[in-house]
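Welcome, and thanks for taking a look at this model with us. Please have the sequence and the 3D view ready, and then we can walk through them together.

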Amino acid sequence: MCGGCRNRGRCRLGLGEITIIGDAAHAPVRCAPHFQAGPNVAHGGWTAAMFDDIIGRSLTQRGLRTVTGNLTVDFFNPVPVGEAMIVEVVTESRAGRRWTMQAMLRLERDPSPLARAIGVWVERREGHFERHEAAMRDYRAR
Ligand SMILES: CCCCCCCC/C=C\CCCCCCCC(=O)SCCNC(=O)CCNC(=O)[C@H](O)C(C)(C)COP(=O)(O)OP(=O)(O)OC[C@H]1O[C@@H](n2cnc3c(N)ncnc32)[C@H](O)[C@@H]1OP(=O)(O)O
């Protein structure tokens with residue numbers, strides 16, 4: 001679970017446990033009603049956040065310490081609210097610290113993709129968060 005929900009013990013985005021199979025992964029997801037945009041349709045931001053979290057956590061579960069470098073989402077069809085869905089993640093390629101990842105969102109019992117994400121995750125250098133904290137301390141002291 002990411003830092004925003006860890007203390008609550010429940011993912012507010014509605015994302016389930018990730019199963020890793022080699023360099024691929026899958027997870028059950030369900031858009032919570034408070035992310036509704038159009039009638040019974042998920043906000044596109046939910047879909048993007050869901051992909052970001054599932055892909056990032058799948059890499060964390062594989063023992064990689066990464067952050068999202070970029071993320072592109074294609075929205076093929078409206079994403080329903082409250083419906084059981086599956087996300088499937090594949091590793092496209094790796095070059096040095098850069099991992100190119102792709103993921104698809106679909107209904108649990110239908111193979112057609114509702115949305116697709118492609119993006120680059122970058123392995124963090126040692127001290128990544130400490131450098132960020134120090135930069136913010138300097139900024140606030142200005
Ligand atoms: C929030 C962190 C999550 C970690 C969780 C830890 C606990 C785990 C527990 C629970 C899991 C929860 C999981 C949640 C998942 C959510 C994931 C997120 O939302 S991550 C937050 C949003 N992303 C950022 O904040 C990055 C901000 N950007 C940066 O910090 C830097 O730009 C960084 C680290 C990406 C690169 O900086 P450099 O100084 O380390 O390295 P340089 O030399 O610039 O880049 C290294 C390589 O990466 C490429 N690169 C850099 N930025 C790129 C980009 N935007 N797109 C493509 N490639 C990029 C470069 O071209 C270079 O490639 P070449 O080595 O030369 O081949």
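## The loop between β2 and α1

N40 sits in the loop that runs between β2 and α1; helices here are DSSP runs of H or I with at least four residues, strands are runs of E with at least two, and both are numbered from the N terminus. The phi angle of N40 is near 60°, a positive value in a residue other than glycine. As background, most residues other than glycine have a negative phi, and most peptide bonds are trans. N40 is exposed, with a relative accessible area of 54%. In this report, exposed means over 50% relative accessible area, buried means under 20%, and partly exposed covers what falls in between, with a 1.4 Å probe and protein chains only.

P39 belongs to the loop between β2 and α1 as well, and P39 is exposed at a relative accessible area of 71%. Although P39 and N70 are 31 residues apart along the chain, 29 Å separates their C-alpha atoms.

## About the model

This is a predicted model, in which local features need pLDDT of at least 70 and side-chain atom pairs count only at pLDDT 80 or more, while totals for chains, interfaces and linings use all residues. Residues are numbered from 1 along each chain as its sequence is written, and side-chain values use heavy atoms, with hydrogens and water left out.

## Overall layout

The protein contains 2 helices and 6 strands, and along the sequence they follow the pattern β-β-α-β-β-β-β-α. Its C-alpha atoms fill a box of roughly 50 × 35 × 25 Å along the principal axes. Of the 142 residues, 32% count as buried. The accessible surface comes to about 8,600 Å², and carbon and sulfur atoms account for 51% of it; such areas come from the Shrake-Rupley method with a 1.4 Å probe, and for residues only the protein chains shown count as cover.

UniProt, in an unreviewed entry, lists residues 40-108 as "domain: Thioesterase". Positions from that record are given in the numbering used here, feature names are shortened, and annotations may be inferred rather than shown by experiment. In the model this span is 26% helix and 45% strand, and its end C-alpha atoms lie 17 Å apart.

## The nonpolar core

Which residues have the most contacts inside the largest nonpolar core? They are V29, W46, M50, F51, I54, V87 and L105, in a core of 30 residues. A nonpolar core is a set of buried Ala, Val, Leu, Ile, Met, Phe, Trp, Tyr and Cys residues joined through side-chain atoms within 4.5 Å. At least two residues of this core come from each of β2 (24-29), α1 (44-61), β4 (85-95), β5 (98-107) and β6 (113-123). The largest share, 6 residues, is supplied by α1.

Neighbours within four places in sequence aside, I54 is in contact with L15, I18, A27, V29, V87 and V89.

## Around the ligand

Of the 20 residues around the ligand, those that come nearest are D52, G69, R97, R98 and R125; a residue counts here if one of its heavy atoms lies within 4 Å of the molecule. An oxygen atom of the ligand lies 2.9 Å from a polar side-chain atom of R98. For R125, an N or O atom in the side chain is 2.9 Å from an oxygen atom of the ligand. Taken alone, the ligand exposes 1,300 Å², and the protein buries 54% of that.

The elements giving two or more residues to this shell are α1, β3 (66-75), β6 and α2 (128-141). The most comes from β3, with 5 residues. A polar backbone atom of T68 is 3.0 Å from a nitrogen atom of the ligand.

The side chain of E123 makes a polar contact with the side chain of W99 at 2.8 Å. A polar contact is a pair of N or O atoms within 3.5 Å; within protein, one must be able to donate a hydrogen and the other to accept it, and residues adjacent in sequence count only if both atoms are side-chain atoms. Residues up to four places away in sequence aside, E123 touches L64, R65, T66, R94, G96, R97 and W99.

Notes:
Contact means heavy atoms within 4.5 Å.
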